[in-house]
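Work through the exercises below with the sequence and the structure open. Each task is followed by a solution in steps.

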Amino acid sequence: MTNLPQSLSMNAAFGGPSASVPSPAGGTPASKDRKMASAEHLVLELSNPDLRENALLELSKKRELFQDLAPLLWNSFGTIAALLQEIVSIYPVLSPPALSPVQSNRVCNALALLQCVASHPDTRMLFLNAHIPLYLYPFLNTTSKSRPFEYLRLTSLGVIGALVKVDDTEVISFLLSTEIIPLCLRTMEMGSELSKTVATFIVQKILLDDVGLDYICTTAERFFAVGRVLGNMVTSLADQHSNRLLKHIIRCYLRLSDNPRACDALRSCLPDMLRDGTFNSCLRDDLTTRRWLQQLLNNVGVNRVPALHAGGGFDHMLVN
């Protein structure tokens, strides 16, 4: 994709600084005071419908320059309500799909500011306790592959990615109480490469938490829903390689193999393309992912005695 909006850089999608915005390099107290005054002025303009569009654009572009922007957004009167108003206002154009590029860019700028709030340690749990991620789920539930919708999904995933980037069981537990897994699986099936990568990263971070691994491996239905999507992605990558996406997929499989029942099931359902060297060439220079793949193959090796073959595995659960 080209000409991505400011809020859609790869780094921004994972909660990090945008590649096209220079990181703050210190500065005099007077300079910092001017920046803060500028931020406060723009935040105040968010509450004015006539000035909001420009304020959204300017704050989105410069958000990395304002060190305490997240607390300012959260604690200033009416600001979060204004951002939510921007989000809710485009619900009517989601189905049937009628989202314009202008509408998409505007709401993506609002989402970029929410991502800032989700990333900050002082506001992350406040953001979560207010259940604000739920406002983004209608965007993740869309299926249109047009660019405005793809930008919208990608930026929404970026907000969730910012939440899970910091390992926190409370965050994972909240997300698991919602529909985040099926929504991510939907994007992993039909999104662009970048959206698939961010969605797979979110699933990976959920799996890396013990609560998340236990949740997905509690029932055969959950495990095989995740396994089916991962398997389809592996098949598609045989034709169109993406090292960064493959890396997250392999890490998900490796983490699933830490669960005895899941490991037992993977012996029969792990894609052959991960066993037969299909991806050797594209992983040649990625030592970490090669090690993960080798460990995965060791974990599900055919020479190992199945851990739960006699009544506790997923096959047994499906039969019953």
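A crossing is left-handed if the near helix is turned anticlockwise from the far one by less than a right angle, and right-handed if clockwise. Helices (H or I, at least four residues) and strands (E, at least two) are DSSP runs, numbered from the N terminus. The model is predicted: local features need pLDDT of at least 70, side-chain atom pairs count only at pLDDT 80 or more, and totals for chains, interfaces and linings use all residues. Residues are numbered from 1 along each chain as its sequence is written, and side-chain values use heavy atoms, with hydrogens and water left out.

**Exercise 1. Overall composition**

Task: State how many helices and strands the protein has, and what share of its residues is buried.

Solution. Step 1: the protein has 18 helices and 0 strands. Step 2: apply the accessibility classes, where buried means under 20% relative accessible area, exposed over 50%, and partly exposed in between (1.4 Å probe, protein chains only). Of the 320 residues, 51% are buried. Step 3: take contact to mean heavy atoms within 4.5 Å. Among contacts with a separation of 6 or more, 76% are between residues 24 or more positions apart.

**Exercise 2. Two helix pairs**

Task: Describe how α9 packs against α11, and how α3 crosses α6.

Solution. Step 1: two packed helices are described by the angle between their axes and the distance between the axes. Axes are lines fitted to C-alpha atoms, for helices over the stretch in contact, and angles run from 0 to 180 degrees between N-to-C directions. Angles under 35 degrees count as roughly parallel, over 145 as roughly antiparallel, 65 to 115 as roughly perpendicular and the rest as oblique.

Step 1: helix α9 (residues 147–165) and helix α11 (residues 180–190) have axes 12 Å apart, at an angle of about 140°. That makes α9 oblique to α11. The crossing of α9 and α11 is left-handed. On the α9 side the contact is made by Arg 153, Leu 157 and Ile 160, and on the α11 side by Ile 180, Cys 184, Thr 187 and Met 190.

Step 2: the axes of α3 (residues 52–62) and α6 (residues 101–119) come within 9 Å and cross at roughly 55°, so α3 is oblique to α6. This crossing, too, is left-handed. Residues in the contact include Arg 52, Glu 53 and Leu 56 of α3, and Val 102, Arg 106 and Asn 109 of α6.

**Exercise 3. Salt bridges**

Solution. Step 1: a salt bridge is a side-chain nitrogen of Lys or Arg within 4 Å of a carboxyl oxygen of Asp or Glu.

Step 1: Lys 61 is partly exposed at 35% relative accessibility, whereas Glu 58 is buried at 17%.

Step 2: A network of salt bridges that share partners joins Arg 52, Glu 53, Glu 86 and Arg 106.

Step 3: Glu 193 lies in helix α12 (residues 193–208) and Arg 244 in helix α15, so the pair ties together parts that are 51 residues apart in sequence. Glu 193, at 38% relative accessibility, is partly exposed, as is Arg 244 at 37%.

**Exercise 4. A buried arginine**

Solution. Step 1: Arg 251 is found in helix α15 (residues 243–256). Step 4: not counting residues up to four places away in sequence, Arg 251 touches Gln 204, Leu 208 and Trp 292.
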